[in-house]
Amino acid sequence: MSSIQSALTAIDSFIWGPPLLILLVGTGIYLTLRLGLLQVVRLPLALRLVFGRDQGQGKQGDVSSFGALCTALSATIGTGNIVGVATAIKLGGPGALFWMWMAALFGMATKYAECLLAVKYREQDANGQMAGGPMYYLEKGLGSKPLAKLFALFGIGVAFFGIGTFPQVNAISDAMSLSFSVPREATAVVLTLIVALVTLGGIKSISSVSSKVVPFMAIFYIVACLGVLVNNASALPDAVMLVIDSAFTGHAATGGFVGASIMLAIQSGVARGVFSNESGLGSAPIAAAAAKTDSCVEQGLVSMTGTFIDT
């Protein structure tokens with residue numbers, strides 16, 4: 001068991017090493033500059049599009065733009081925010097939170113670009129439904145079928161064995177076991193049945209449920225967080241200063257945190273930032289491709305708000 005854990009740790013360190021961090025954040029910075037700080041300048045317009053009355057009536061697609069956004073958010077709000085952030089701080093110290101914010105800021109530009117491309121290169125499948133995502137624009141836009149197939153293969157692997165399944169079920173079953181003494185096996189069975197009822201109906205069923213559940217979930221989450229902040233208002237200035245200071249100086253092994261270097265803070269913040277908001281991961285574009293819209297730009301803006309809402 002120890003050898004397996006050591007191997008997984010080595011692979012994790014290699015994958016989330018400097019090259020991938022540079023690619024993730026560097027791509028976001030590049031797109032931010034090329035798009036003229038779009039995630040800030042166009043954020044008011046993006047929010048108006050999310051909550052506007054026109055939700056794709058009479059336009060090509062399977063679900064509303066809001067439904068597509070909620071489908072993407074359903075996989076990010078929750079486990080990624082709570083377990084992901086806590087793990088980042090535990091591993092990288094308080095400074096990891098700052099780098100998570102930075103990854104999200106630049107990740108908004110990445111999310112805009114990937115979801116715009118998903119709508120631009122989407123196509124109708126044999127069942128008459130819209131299909132799109134990185135595997136489609138890698139093949140049709142970039143002209144690389146091998147890359148498209150690789151993304152599809154790795155995407156399935158991530159969904160089954162990565163952030164799509166195991167961490168979610170593990171976090172929920174742990175919470176139910178610790179809080180209510182519910183057996184983990186029972187929680188897993190109930191979750192499987194509920195997920196099957198929703199997902200077997202396809203994107204329309206997923207979107208319908210997400211559109212009803214996600215807004216309530218997001219409001220509850222934000223209100224709960226505000227309650228914690230209000231109750232600890234006196235500690236906020238020191239906490240913010242600690243986060244910023246630790247982001248550039250690292251953090252000593254005191255106060256319950258492991259000793260965290262600046263590199264470890266950046267690595268933990270960016271990695272858990274992707275876990276939290278999925279910017280650059282390629283999953284959100286698959287949901288965005290099903291949106292009822294005739295403007296890939298507008299859908300890119302709508303999808304971009306997912307990172308803003310989430311992180």
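Tutor: Let's start with a term: a residue is buried under 20% relative accessible area, exposed over 50%, and partly exposed in between, using a 1.4 Å probe and protein chains only.

Student: Okay, so which of those is Lys140?

Tutor: Lys140 is partly exposed, at a relative accessible area of 39%. Before we go on, this is a predicted model, in which local features need pLDDT of at least 70 and side-chain atom pairs count only at pLDDT 80 or more, while totals for chains, interfaces and linings use all residues. Residues are numbered from 1 along each chain as its sequence is written, and side-chain values use heavy atoms, with hydrogens and water left out.

Student: Got it. What does the side chain of Lys140 meet in a salt bridge?

Tutor: Its partner is Glu123, at 3.2 Å from N to O. A salt bridge here is a side-chain nitrogen of Lys or Arg within 4 Å of a carboxyl oxygen of Asp or Glu. Glu123 sits in strand β1 (residues 123–124) and Lys140 in helix α8, 17 residues apart, so the pair links distant parts of the chain. Those helices (H or I, at least four residues) and strands (E, at least two) are DSSP runs, numbered from the N terminus. Glu123 is partly exposed as well, at 34%.

Student: How many salt bridges are there in the count?

Tutor: The count comes to 3. Another one joins Asp174 and Arg184, whose closest N and O atoms are 2.8 Å apart. Asp174 lies in helix α10 (residues 166–180) and Arg184 in helix α11 (residues 184–199). Glu139 and Lys145 also meet in a salt bridge, at 3.8 Å. Glu139 is partly exposed at 37%, and Lys145 is partly exposed at 45%.

Student: There's a loop around there. Where does Ser144 lie?

Tutor: Ser144 is in the loop between α8 (134–140) and α9 (145–161).

Student: Buried or exposed, that Ser144?

Tutor: Ser144 counts as buried, because its relative accessibility is 15%. Leaving out residues up to four places away in sequence, Ser144 touches Leu138 and Glu139; touching means heavy atoms within 4.5 Å.

Student: New topic! Which residues make up the largest nonpolar core?

Tutor: That core has 10 residues: Val85, Ala88, Ala96, Leu97, Phe98, Trp99, Met100, Val243, Ala247 and Ala265. A nonpolar core is a set of buried Ala, Val, Leu, Ile, Met, Phe, Trp, Tyr and Cys residues joined through side-chain atoms within 4.5 Å.

Student: And which helices each supply at least two residues of this core?

Tutor: Those are α6 (79–92), α7 (95–120) and α13 (236–249). The largest share, 5 residues, comes from α7. Take Met100 as a core member: beyond its sequence neighbours up to four places away, the residues Met100 touches include Val85, Ala88 and Arg272.

Student: Where do Phe216 and Phe220 lie?

Tutor: Both are in helix α12 (residues 202–231), 4 residues apart, about one turn of the helix. Phe216 is exposed at 59%, and Phe220 is exposed at 57%.

Student: Switching to cysteines: how many disulfides does a search of the whole structure find?

Tutor: The search finds 0. A disulfide is a pair of cysteine sulfur atoms within 2.5 Å.

Student: Last one! What is phi of Leu37 near?

Tutor: It is near 55 degrees, a positive value in a residue other than glycine. Most residues other than glycine have a negative phi. Leu37 is in the loop between α2 (18–34) and α3 (38–41). Glu278 has a positive phi too, near 60 degrees, and its place is the loop between α14 (262–277) and α15 (284–288). Leu37 is partly exposed at 40%, whereas Glu278 is buried at 8%.
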